[in-house]
Amino acid sequence: MNQLLFLVLAALTVLGALGVVLRTNPVHSALALVATLFLLSVLFVGLDAQLVAVLQIIVYAGAIVVLFLFVIMLLNLQTDVRVLGGGTLVAAALAGGLALAALLVAAVRGASPGPRGALPAGFGATVSLAHKLFTDYLLSFELTSILLLVAVVGAVALAQKKR
Amino acid sequence: MVDVAIVAAKALVVVLIVLLTMGHGVFFERKVSAIIQDRIGANRASIFGVAALGIINTLVADPLKFLLKEDIVPANVDRLLHFLAPVLSVLPLLVTFAVVPFGDVLVVGGRSIDLQAAELDVGVLYVLAMVAMAVYGVVLAGWASNNRWSLLGAVRGSAQMISYEIAMGLALIAVVLTYETLDLQTIVRAQGALLWGWLPAWGVLYQPLAFVVFMTAGIAESKRIPFDLPESESELVSGYFTEYSGAKHLMFMMSDFVEVVLVAALVTTLFFGGWQVPYLLRDGFHFPGGSTVPLPSLAVTGLQVLAFVLKLHCFTLLQIVIRWTLPRFRYDQLMRLGWQGLLPLSLANVVASAFVIVFLQRPAA
């Protein structure tokens with residue numbers, strides 16, 4: 001991926017993420033989240049991971065944030081509902097952010113950012129990803145789907161109770 | 001540099017095909033509605049007394065009229081989102097056409113150019129992703145307008161679009177199982193084969209149920225009658241785009257019609273052979289009797305693009321006929337059709353297709 005392109009995209013992504021946190025209007029925040037997810041998916045395309053990029057849009061931007069928007073709209077959250085936390089909340093967020101940054105720096109320092117080697121054939125293609133998923137990671141893959149099924153059953157059970 | 005120019009030219013051709021089909025579609029809509037309602041219609045738009053030239057009116061004068069109208073932004077709307085919503089509703093649909101192949105290959109000056117604007121390994125998923133993004137336009141238009149009719153229309157519209165996207169996705173899964181690829185161009189090429197030596201192996205023969213489900217879900221996505229509850233003039237004024245005028249209103253109307261053309265393009269590509277002309281191979285016609293008609297490569301490509309455009313027009317016309325034939329659903333009927341009709345049907349279709357492929361087509365390992 002072109003270095004300049006990456007820097008521009010990364011800067012835009014960070015701007016989007018800041019928008020999620022800093023906008024006071026919840027709908028604007030949700031939209032900033034969509035923009036961030038979209039830019040992340042563009043970054044995935046730059047890493048030759050087209051399938052991951054498209055799945056990112058379908059699952060997160062296309063389904064989950066739409067549900068967020070639904071909740072925001074139907075609960076009629078107005079701008080004044082949201083206040084940017086008290087002193088303790090800001091302090092806790094700062095401490096958490098700093099700890100995460102320290103972790104990231106520690107993790108990246110060990111890695112050598114040399115030129116990228118040649119990719120194995122079929123890298124990022126659907127077939128190779130599916131092959132990995134259904135051989136090496138079969139157990140975790142299937143367990144995740146059971147987890148999602150449990151969540152669906154739980155949601156249905158909760159909705160049924162109210163009748 | 002040449003590569004960039006080629007991609008730009010391909011994109012331009014795709015956009016021209018879409019806009020032309022859309023313009024013709026609007027003209028068909030007027031004529032078809034007149035025929036179905038047993039009246040004479042659209043006969044004042046003739047130019048120099050030639051009625052057929054009236055099509056210029058729908059292609060040029062209509063959009064121009066919308067562009068020249070005053071753009072009214074009501075007070076107390078969220079200005080940024082009010083402006084963004086129409087863009088977000090039409091843009092994802094237009095870019096979806098990038099993966100729809102409109103021809104095989106064009107051989108020019110030693111280069112062979114794949115006639116598909118974006119050769120994407122994950123074309124089918126890209127279609128689903130972009131169709132899913134179109135929901136935002138509807139939701140934001142309704143919310144930003146600060147109007148109860150708009151909000152009701154937006155909630156109806158987004159619930160409807162999300163519900164029918166699921167059936168649409170499952171119908172696509174059955175197609176992907178059949179062709180074992182996510183690339184639309186490969187799917188179209190596979191449909192060039194012949195069954196028993198004479199019947200073109202178009203997708204509708206393998207996946208008739210997926211075709212019915214996909215077409216129905218697609219019409220629901222376009223939010224036109226019989227699925228026009230998000231707009232329903234008789235109860236919600238104009239639904240989620242009540243507060244829009246001028247060019248922005250045009251963009252919402254356009255997005256519904258682009259969706260019609262998109263559904264026509266996808267149905268053509270997935271189920272009716274895309275650009276395939278029966279018995280036409282890269283070097284000319286090879287009829288089942290054994291007779292052949294050799295053709296230059298340029299003529300073959302031209303015929304293919306023409307076939308694609310013709311099929312596109314046919315399925316646009318079919319959707320217009322459906323739109324003027326059926327009355328509007330009730331909302332509970334709409335939800336029942338989506339969740340209790342199409343969803344189980346498409347699920348059963350996926351399971352049945354997988355069974356056939358694993359147990360009947362594959363030799364036992």
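Predicted model: local features only at pLDDT ≥ 70, side-chain atom pairs only at ≥ 80, totals over all residues.
1. Strands of a sheet pair through backbone hydrogen bonds, in either a parallel or an antiparallel sense. For β5(B) and β6 of chain B (residues 284-286), the pairing is antiparallel and runs over two bridges. One residue pair can be named here: B:L280 has B:F285 in β6(B) as its bridge partner.

2. Turning to chain A, the domain assignment gives domain 1 as residues 1-83 and domain 2 as residues 125-163. Taken over C-alpha atoms, the centres of domain 1 of chain A and domain 2 of chain A are 24 Å apart.

3. The contact between the chains involves 15 residues from chain A and 17 residues from chain B. On the side of chain B that touches chain A, at least two residues each come from α4 (123-133), α5 (135-144) and α6 (148-179) of chain B. The largest share of that side is supplied by α4(B), with six residues.

4. What is the division into nonpolar, polar and charged residues on the side of chain B that touches chain A? There are 15 nonpolar residues, one polar and one charged.

Definitions and conventions:
Residues numbered from 1 in each chain as written. Chains lettered and ligands numbered in written order. Pairing = 2+ DSSP bridges. Helix = DSSP H or I, 4+ residues; strand = E, 2+ residues; numbered from the N terminus. Domains from an automatic or database assignment. Contact = placed C-beta atoms within 7 Å. Nonpolar A, V, L, I, M, F, W, Y, C, P; charged D, E, K, R; others polar.
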